[in-house]
Amino acid sequence: DGAVPEGTAPPGLAGVVLPTDVDGVLALFDALPDELIGGVKAVSARTPSDLAADYTVPDRASRYGFQATDLSGSFVGSALPQPRADMLVALFVLSDDDDYTVETAGHEGDLYWVTLISFNSGHGIDGVEEVYAVHWGEADSQWTFMVGAPTEAERDELIAAFVAAASNLPR
């Protein structure tokens, strides 16, 4: 916990009950609005441990939206400890990487998060695109969540939609 200070999570996230399995994540992603930030939603399972709700926005090369990752299979058979959300946030805070800039990081109770700006480049992208992102998860959970958007306002719109969708799911 020394690397991640206590603080206030992005609006609404601390009160959300996060899903802890594939079915729960997919139900949450299905409950998100069909259209947000000018794009249309597509829910997919890239792999059994990498789920996404992407919003494809016309005239933008990058996909924006949500990703949920089950870290439980990341280091199977390794001597390294099983990764968890709190470890992921601490890694962002402690690392020095040219691909992103950490804005804020912290934990509110068991919820750990980091807000950052990442710098996207590559196929189909002219120059470098800034992606405003938040990674979050509960301390002892193998599931982590991420949202990315082209502006801070659109990121906040996506987070508000996530909070609303999660709040309306049966417990």
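This is a predicted model: local features need pLDDT of at least 70, side-chain atom pairs count only at pLDDT 80 or more; totals for chains, interfaces and linings use all residues.
Setting aside neighbours within four places in sequence, I found W136 in contact with L13, L18, F66, L111, Y112, W113, T144, F145, M146, V147 and F162.

Next I looked up the core around this residue. W136 belongs to the largest nonpolar core, which has 33 residues. Along with W136, the members that touch the most others are L13, F29, L32, F66 and F162. I then listed the elements that each supply at least two residues of this core: helix 1 (22-31) and helix 3 (152-167), plus strand 3 (50-56), strand 4 (64-70), strand 6 (111-122), strand 7 (125-138) and strand 8 (143-149). Helix 3 gives the largest share, seven residues. I noted another core lying apart from this one; it has 10 residues, including Y100, A105, L116 and A133. As a general remark, nonpolar side chains in soluble globular proteins tend to be buried together.

I turned to the whole chain. I counted three helices and eight strands, in the order α-β-β-β-β-α-β-β-β-β-α along the sequence. The chain has 171 residues, and 43% of them count as buried. For contacts between residues at least 6 apart in sequence, 48% join residues at least 24 apart.

Last, I checked the second largest pocket. The space in this pocket is about 160 Å³. Its lining has 10 residues, and V17, P19, G24, L169 and P170 lie nearest the centre. By class I recorded six nonpolar, two polar and two charged residues in the lining.

Note on methods:
Residues are numbered from 1 along each chain as its sequence is written. Side-chain values use heavy atoms; hydrogens and water are left out. On a 1 Å grid over the protein atoms alone, a cavity is a set of points where a 1.4 Å probe fits but cannot get out, and a pocket is an open set with protein on both sides within 12 Å along at least five of seven lines; lining residues have an atom within 4 Å of a point. Grid points are joined across faces, edges and corners, and a volume is the space filled by probe spheres set on the points. Ala, Val, Leu, Ile, Met, Phe, Trp, Tyr, Cys and Pro count as nonpolar, Asp, Glu, Lys and Arg as charged, and the others, Gly among them, as polar. A nonpolar core is a set of buried Ala, Val, Leu, Ile, Met, Phe, Trp, Tyr and Cys residues joined through side-chain atoms within 4.5 Å. Buried means under 20% relative accessible area, exposed over 50%, partly exposed in between (1.4 Å probe, protein chains only). Helices (H or I, at least four residues) and strands (E, at least two) are DSSP runs, numbered from the N terminus. Contact means heavy atoms within 4.5 Å.
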